Amino acid sequence: MPINKIQFQPGFDKQNTDITSKGKWIDGDKIRFRYNYPEKIGGWEKVSTTTFIGVARSQLAWNSLDGTAYDMFGTHKKLYVYSEGNFFDATPQRSTADITSVFTTTNASSLVTVTHSSHGASEGDFVTISSTSAATAGISAAVMNDEHQIQSITDTNNYIIDVGTNATSAVSTTNDCTVTYEITAGRDRALSGYGWGTGTWDSAQTWDTPNTSSSVTIGLRNWNLDNWGEDVIALDIDAGIYNWDTSGGISTASNVASVITNAPTKTKFMIVSNPDRHLICFGTETTIGTTSTQDPMFIRWSDQDDFNSWTATATNSAGSQRVTGGSKIVTAVSTRGQILFLTDTSAHGMSFIGAPFTFGFQKLGTNCGAVSPHCAIDISGMVYWMSSDGFYMFDGTVRKMPCSVEDFVFDNIDTTQLEQVYAGSNSAFGEVIWFYCSTASNQIDRYVIYNYQEKLWYTGSLDRSTWIDSGTYPLPYATEYDGTDSLLYVHESGTDDDGSTMTSFIESGDFDIGDGDEIMFVKKGIQDFKDQVGNVNISLKSRYYPTDTQTTKGPFYLSTTTQRFNPRTRGRQVAVRIESNGYNGSSNDAISENWRLGTLRFEVQPDGMR
């Protein structure tokens, strides 16, 4: 019998039925398309085994003037800088105070009550205690003089920390110290509706008790980072703006991010305009320093080259503008000599025009809003972003992108966690990646990719809360959250999941013979792989009618020396699944598997039902 080539169109089609998707790929995980053929994606490994506290929500990599590479992360609890194998805590400080007779202990307990009148702290915040010179109930000064996370708030004058060492006696208000509070910690996810923990960190109700007062949505802690020369501007979204001085390095503990004097204190997004160097705040205060005046559609910018000067005068270029077209400004991206900023419903351009107005504004599109502060990305003058019901691009004109996986993404996305959506670029393969939360996942667990070089879409599962492209570093860097801490990974390194086997698969829609009315018998298959390492497993799934349960033949474990396999399966419709999972049919394969598919061939003949 003749051998027939079975070829499938590149990309995924998740919009249609398996029959309608005849000749197409319909599902997969951890694969990409290159030159129109599917292949396993590159692997990843830890940049460092050191974890950092919280889930990273923003990442910025850059080089200082002396060439040192830095990477900054804003988490829901901290602000970190990574450089040359070291993580540095650059979290801004809220206040410092010298207090007297402050510690209360319980015998055989590591919990210590700290008394500080009007402390202003919230549960989950971090406080650093210093200058304690004597032991407290058997707890040494060295143990007490450290950073501690506040476990609970007793009242406005008392809170409890866990020092990790049990007291040997009960004492009441003894010893003096200095306390330094970091800015208030936030949430690792948004919470919506009634239920456990829907109160704020500093609400009057007890933490993790049901909220029954109203249906509410409480946002997560998010950050927005941008460079000011070699330094970094860090916005705690809907809170303050800080500056981290790179020249101070990471060897000096006191070199934490400092609040920018005179800047707005409540802002939804910020960006540094180049080359004119204005710090621009979107969705900010109409009266600086008065948070109640925050207007989500109000824009304010500093004087040129001076982020401490915000009051417009006849001799500077500071100013403000309110725009219309939505209920809030969500994000902004520098592109094509202007700033594209996106509200929840529309797109606008903001261009530097000089005195007297400084910036000019133009509405560019409607019904094309953004879903999160990090859902948009510029790649060589093309901006791509995720909206609430599709994907959009700007190349001088705002256009909705045809998407063959749109229903799959938006039918299964967690709308409560849209603010977590994070866009990244993998320029070596021409990919834009959006990481998002599937329904009820609470944290990012999936991705959707648009390959702008080949105009293709594909999806998969991967828990990466931030991603940066190669540039500062030779390969992409991304972060993973385990529910408490985060790890930093380098991607496109090897073929494994940090030393463990990476499972990768792709599955086709059904193929048939004739008009699909004939029964076929698939007797023999001949595989075709490029760059194969280890085993690749192929299964065939057959059925007679679309509503039938598929019958699977395989998997057939194909090594680099396998010549053919014999599925011997019957049906009107047959689908193909190709997978690598480290298993060779009898044991786990120690070899790091890799593959790129060529053209499959099958011996197919008409047959009857049995």
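Trainee: What does the secondary structure of the protein chain come to?
Mentor: Two helices and 54 strands. Keep in mind that this is a predicted model.

Trainee: What size of box do the C-alpha atoms fill?
Mentor: Roughly 90 × 70 × 55 Å, taken along the principal axes.

Trainee: And how much of the chain counts as buried?
Mentor: 57% of the 610 residues. The accessible surface is about 24,700 Å², and carbon and sulfur atoms make up 45% of that.

Trainee: What share of the contacts comes from residues 24 or more positions apart?
Mentor: 61%, counting contacts with a separation of 6 or more.

Trainee: Charges next. How many positive and negative ones are there?
Mentor: The chain has 43 positive and 69 negative charges. Their mean positions lie 11 Å apart.

Trainee: Now the strands. What holds the strands of a sheet to each other?
Mentor: Backbone hydrogen bonds, with the strands either parallel or antiparallel.

Trainee: In what order do β8, β9, β10 and β11 come in their sheet?
Mentor: In the order β8-β9-β10-β11, as an open sheet with antiparallel pairing. At the edges are β8 (56-63) and β11 (86-89), and each pairs on one side only. From one strand to the next the twist averages 20 degrees.

Trainee: How many bridges are there between β10 and β11?
Mentor: Four, with β10 covering residues 79-83.

Trainee: Which residue is the partner of Ala 376 in β36?
Mentor: Trp 385. The two strands, β35 and β36 (residues 382-386), are antiparallel and share four bridges.

Trainee: Switching to β40. Is it mostly covered or mostly uncovered?
Mentor: Mostly covered: β40 spans residues 431-436, and six of its six residues are buried.

Trainee: Which way do its side chains point?
Mentor: Glu 431, Ile 433 and Phe 435 point one way, Val 432, Trp 434 and Tyr 436 the other, and all are buried. In a regular strand, side chains alternate between the two faces of the sheet.

Trainee: Which strands pair with β40?
Mentor: One is β39 (residues 422-426), antiparallel over five bridges. Another is β41 (residues 446-451), antiparallel over six bridges. Phe 435 is a handy landmark: Tyr 422 stands opposite it, and its bridge partner in β41 is Tyr 447.

Trainee: What is between β39 and β40?
Mentor: Four residues, in a hairpin where Gly 430 takes a positive phi near 65 degrees.

Trainee: Last one, β47. How many of its residues are buried?
Mentor: Seven of eight, over residues 519-526. β47 pairs antiparallel with β54 (residues 600-607) over seven bridges, and Val 522 has Val 604 as its partner there. Three bridges also join β47 to β51 (residues 569-571), again antiparallel, with Met 520 partnered by Gly 571.

Note on methods. Residues are numbered from 1 along each chain as its sequence is written. This is a predicted model: local features need pLDDT of at least 70, side-chain atom pairs count only at pLDDT 80 or more; totals for chains, interfaces and linings use all residues. Side-chain values use heavy atoms; hydrogens and water are left out. Two strands pair if DSSP finds at least two bridges between them. Axes are lines fitted to C-alpha atoms, for helices over the stretch in contact, and angles run from 0 to 180 degrees between N-to-C directions. Buried means under 20% relative accessible area, exposed over 50%, partly exposed in between (1.4 Å probe, protein chains only). Contact means heavy atoms within 4.5 Å. Accessible areas come from the Shrake-Rupley method with a 1.4 Å probe; for residues, only the protein chains shown count as cover. Lys and Arg count as positive and Asp and Glu as negative; His and the chain ends are not counted. The place of a charge is taken as NZ of Lys, CZ of Arg, CG of Asp or CD of Glu.
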